[in-house]
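Me: I am new to this structure. Please take a close look at its salt bridges, and walk me through them in short sentences.

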Amino acid sequence: MRVIKTDLLVIGAGSGGLSVAAGASQMGADVTLLEGHKMGGDCLNYGCVPSKALLAAGHAAHAMTVGAAMGIPPVAPQVDYAAAKDHVAQVIAQIAPVDSQERFEGLGVRVIREFGRFVDARTVEAGEYRITARRIVIATGSSPLVPPIPGLADVPYLTNETLFDLRDKPDHLLIIGGGPIGMEMAQAHVRLGCKVTVIEGAKALGKDDPELAAITLEALRAEGVEIVEGALAERVSTEGGVTVETSEGAFTGSHLLVAVGRKPNIERLDPEAAGIVHTRAGITVDDRLRTSNKKVYAIGDVAGGLQFTHVAGYHAGLIIREALFGLPAKVKTAHIPWATYTDPELAQVGLTEAQAREAHGDKLEVARFEYLHNDRAIATRQTRGLIKVMVVKGRPVGASIVGHQAGELIATWSLAIANGVKMAGISAMIAPYPTIAELNKRAAGAYFSPKLFDNLTVKRVVRLVQRWLP
């Protein structure tokens, strides 16, 4: 067995692991990177990239049907589903070199294409290699969670890891799970000419503000997506195609996508050998991302917190500070945004209105502004949506947005929360006219409007000043 001693061992070449490896190597550390599957991890190969590419194909098809108000007669799109999947593959291929083994070896990273397994607190075996490291970073990500529904194992179901290889367009796609993945793929497929039924055991998009989620769900239903809520899947069979029996009745389709959540990739690691505590949610870490073995860190999905690519990237930056410079860096989550890329998009950062009311009570103020008052939204016929900002003592503690480019707009509020910017700071910014970006400024204006325009003291001061001005 070949023995390697290294400063930093990174297990997993997804978004977080690659960021740690690249940064550490370029700063002078000896870095070894293990990846037993595909470079780029879930995000590049099965998640963010292919899903957004397929959504783009669906958007192009949908655009042919909605131009009547602008004088463009609707045309039924001729969808080549296999070609749409070719587009997805081409997008992945174009991005893949950035995450490739060759690029990282060019950066000085020792890349070993094997799965790793702990043998003691600081040693990992991977294929023919035995690697001892000063610090170890577990960045193995997550995989689709397949629930133990009776009969499911006997049915040819899809997950996000197999959906993008499908070449034949589903006649009727059943989706178990009404979270972001399920709803994004529902809209993409209905726009590409499939019949779609989403089966959700609780509330669809249940982690988002219910008022805003309802706007997105209404839009999807209007496009033809059948969304059945409160329907627990009880059994799956191949009767007449694929049939899902639920508490709300049975639903039959041609294909089944399971999108009920994620599970951490720890089964190959043997973390117990390194004294690493874990649960079903993932590896247990402290607020510095250290495991119970203080020489080992866990980042991204496998750490059991928010499961987003940008969170893994954020974690990577903290690890660079911790592992390379020995400086403590604590994880904060209040400024971490997320978005669901349906049309309209749904985005959130910080506290929802319900969470903010529970945390702050009567101190909470909520500023609202609707898209239908934004001139760019009017010009482009994108007036469905609103922004809601939760404010305590003049500072935003959360923002919820539904509408066109909500995922872009939410970044401003992440910046504000991360840096303690007050609503006055947002109000002071200048956005080009006309842009969707003005919505953020107008939401801040909506916060100040009653304080200025409905304030008797302000009116008296203005009248007094006007009497004395020359």
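Reply: Start with a network. Salt bridges link Asp-209, Glu-211, Glu-353, Arg-357, Arg-368 and Lys-388. A salt bridge here is a side-chain nitrogen of Lys or Arg within 4 Å of a carboxyl oxygen of Asp or Glu.

A word on the source. This is a predicted model, in which local features need pLDDT of at least 70 and side-chain atom pairs count only at pLDDT 80 or more, while totals for chains, interfaces and linings use all residues. Residues are numbered from 1 along each chain as its sequence is written, and side-chain values use heavy atoms, with hydrogens and water left out.

Now look inside the network. The side chains of Lys-388 and Glu-211 form a salt bridge, 2.8 Å from N to O. This pair links distant parts of the chain: Lys-388 sits in strand β22 (residues 386-392) and Glu-211 in helix α7 (residues 210-222), 177 residues apart. Helices (H or I, at least four residues) and strands (E, at least two) are DSSP runs, numbered from the N terminus. Lys-388 is buried, at 1% relative accessible area. Glu-211 is partly exposed, at 32%. Buried means under 20% relative accessible area, exposed means over 50%, and partly exposed lies in between (1.4 Å probe, protein chains only).

In total, the structure holds 20 salt bridges. Another of them joins the side chains of Arg-110 and Asp-30, at 3.2 Å from N to O. Arg-110 belongs to strand β3 (residues 110-112), and Asp-30 to the loop between α1 (15-26) and β2 (31-34), so this pair ties together parts 80 residues apart in sequence. Arg-110 is partly exposed, with a relative accessible area of 31%. Asp-30 is partly exposed too, with 30%.

Arg-290 and Asp-286 form a further salt bridge, and their closest N and O atoms are 2.9 Å apart. Asp-286 is partly exposed, with a relative accessible area of 22%.

Glu-35 is buried but has no salt bridge. Its nearest side chain of opposite charge, Arg-113, is 6.1 Å away. For charge, Lys and Arg count as positive and Asp and Glu as negative, while His and the chain ends are not counted. Glu-35 lies in the loop between β2 and α2 (41-45). Leaving out residues up to four places away in sequence, Glu-35 touches Gly-12, Ala-13, Gly-14, Ile-112, Arg-113 and Glu-114. Contact means heavy atoms within 4.5 Å.
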